[in-house]
Amino acid sequence: EIANFCNTDGTGQVCANTASSGCPAAGASQTECCLSCKTVDGSNSLDFPPYAIKNVYNKLSTKTMAMSGSHYGDIKVYDAHNLYGLSEQKATNKALVDTIGKRPFILSRSSFISTGVHSAKWTGDNGATWNDLKSSIISVVDFNMFGVPMIGADICGFIFDTTEELCSRWIEVGAFYPFVRNHNTLGAAPQELYLWDSVAEASRNALNMRYTLLPYLYTLFYNANTAGDMVARALWMNFPEDASTVGIDSQFMWGNALLFSPVVTQGATSVNAYFPAGQRWYSLQLNSSAVAGVTVAPAVDTTSKGVFKNLYTPLTATNIHLRGGSVVPLQQAAMTTTLARKTPFSLLAALCPYGKAFGSLFLDDGEQVELSSFLSVSYLVQADSSSGSFTATVNKNTYSTSASLSNIIIAGIENAPSSASVNGRALSSSQILFDAAASAVTFAELGLTVSDTIVLTWK
């Protein structure tokens, strides 16, 4: 960003370095200001416009370059201020691509129209307050509308000292920002997630779920890149016909499949969550003893109308629900994305009221700049009370991968299948795991790869 924190009151038009022995001086803070700024033309209408816009710092040039300053071509800062960060993003992106030949990661606070093409973004200097936690959801959703899908806020808050409860609740939200980072200011109390037992537990729960869901999240980013889809969405974006979703700003979704309903109120141990109309919603929870590392079960039926439901949410928990009609790809959680990518895939399908589900998977090496080598697969489930089928159709496969697909889970099945086959090969009874309490069946140890065309049938 085009910053000058030495222009503290916004009246400085000309600044000079007054630190003769170097800046910062020996023993001084890295934020010490070494520039001395002064006004040379108080009548300049760019620095001192004849109207006030209620800038939070009063003067337009406060903590930044003077509006009368010039860019290349004598373009004034007044006219190009917001383009400065964008121009750096574009130049940095190009330089990294030209230098390393791989997809770069760039993080910026400044942003403008089209920033999302070149850079990730964080929302800036928030505070360690409950209001800032709640408003971070709004900011993340807003920037997805603005075409900046890789967006997140400083988890636990940047300014002020955080608290154990706030930090615990914040990681339960922030683990599901598209971009995740815990970050705070110099001089604030440490807020590493391991400092409190409760925060560490909440972090493991939330981050393990995020890593489990990474194949779905990565597919959403592919859709954002190629079709302009939003990754994080407000409820009304997916359910514009449901008027009750319009005022809900403390819940959000990934794509059109996953609903997050976190606690964002101090002292609360429950959430009055809204479930939009016309759906079946399934709870999704980590379960290390489950075949795919998660359990899914019917939770709320809104086939006839939307429903508010009070969800008990202790300090180390959050609420994630899968929308009926969705298929999401999963992998196992790991300490790094590199390790997670080496774990077996599972496919989780949740049936809608009409016995169907749809989904997709995008997979590549995660580094190529031009998307020329990748795997794209579409999924379709159709089922009734006595039988069903799951099909995987490979749309494009120019990416060589042997990634295994071990399990396919179908939620919303009322009756245990007596037999099943995949690609004409009969499954044994030990591979057909029915959970009556969860109304779900897992077809396990399938010995497939994610690039296989698949026809799974059961009855």
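In the predicted model, 48 residues line the largest pocket, and Arg103, Met150, Tyr218, Phe221 and Gly366 are the ones that lie nearest its centre. Several elements give two or more residues to this lining: helix H1 (77-100), helix H2 (115-118), helix H5 (197-212), helix H6 (214-227), helix H8 (337-340) and strand S18 (356-363). The most is given by H6, with 8 residues. The volume of the largest pocket is about 1,800 Å³. Sorted by class, its lining is made up of 28 nonpolar, 12 polar and 8 charged residues.

The second largest pocket holds about 820 Å³ of space. Its lining has 27 residues, and those nearest the centre are Glu1, Tyr57, Lys63, His81 and Arg109. By class, 12 of the lining residues are nonpolar, 10 are polar and 5 are charged.

Lys63, named above as one of the residues nearest the centre of the second largest pocket, is found in the loop between strand S2 and helix H1. The backbone of Lys63 has a positive phi of about 60°, although the residue is not a glycine. Most residues other than glycine have a negative phi. Lys63 is partly exposed, with a relative accessible area of 31%. Asn58 is also found in the loop between strand S2 (35-38) and H1. Asn58 is not a glycine either, and has a positive phi of about 80°. With a relative accessible area of 60%, Asn58 counts as exposed, because the cut-off for that class is over 50%.

Leaving aside neighbours within four places in sequence, Phe390 is in contact with Val327, Leu347, Tyr379, Leu380, Val381, Ile408, Ile410, Ile454, Val455, Leu456 and Trp458. In soluble globular proteins, nonpolar side chains tend to be buried together.

Ser439 is found in the loop between strand S24 (432-435) and strand S25 (440-443). Although it is a loop residue, Ser439 has a relative accessible area of 9% and is therefore buried, the cut-off being under 20%.

Helix H4 (residues 164-174) is mostly covered, with 9 of its 11 residues buried. The buried residues of H4 are Leu166, Cys167, Ser168, Arg169, Trp170, Ile171, Glu172, Val173 and Gly174. Among the elements that cover them are helix H3 (130-145), strand S6 (154-155), helix H5 and strand S9 (252-254). H5 is also one of the elements that give two or more residues to the lining of the largest pocket.

An open sheet of 3 strands, in the order S3-S4-S5, has parallel pairing. Strand S3 (107-108) and strand S5 (151-152) are its edge strands, each pairing on one side only. S3 is joined by 2 bridges to strand S4 (residues 120-122), and the two run parallel. Ser108 stands opposite Lys121 in S4.

How values were computed. Residues are numbered from 1 along each chain as its sequence is written. This is a predicted model: local features need pLDDT of at least 70, side-chain atom pairs count only at pLDDT 80 or more; totals for chains, interfaces and linings use all residues. Side-chain values use heavy atoms; hydrogens and water are left out. Helices (H or I, at least four residues) and strands (E, at least two) are DSSP runs, numbered from the N terminus. Buried means under 20% relative accessible area, exposed over 50%, partly exposed in between (1.4 Å probe, protein chains only). Contact means heavy atoms within 4.5 Å. On a 1 Å grid over the protein atoms alone, a cavity is a set of points where a 1.4 Å probe fits but cannot get out, and a pocket is an open set with protein on both sides within 12 Å along at least five of seven lines; lining residues have an atom within 4 Å of a point. Grid points are joined across faces, edges and corners, and a volume is the space filled by probe spheres set on the points. Ala, Val, Leu, Ile, Met, Phe, Trp, Tyr, Cys and Pro count as nonpolar, Asp, Glu, Lys and Arg as charged, and the others, Gly among them, as polar. Two strands pair if DSSP finds at least two bridges between them.
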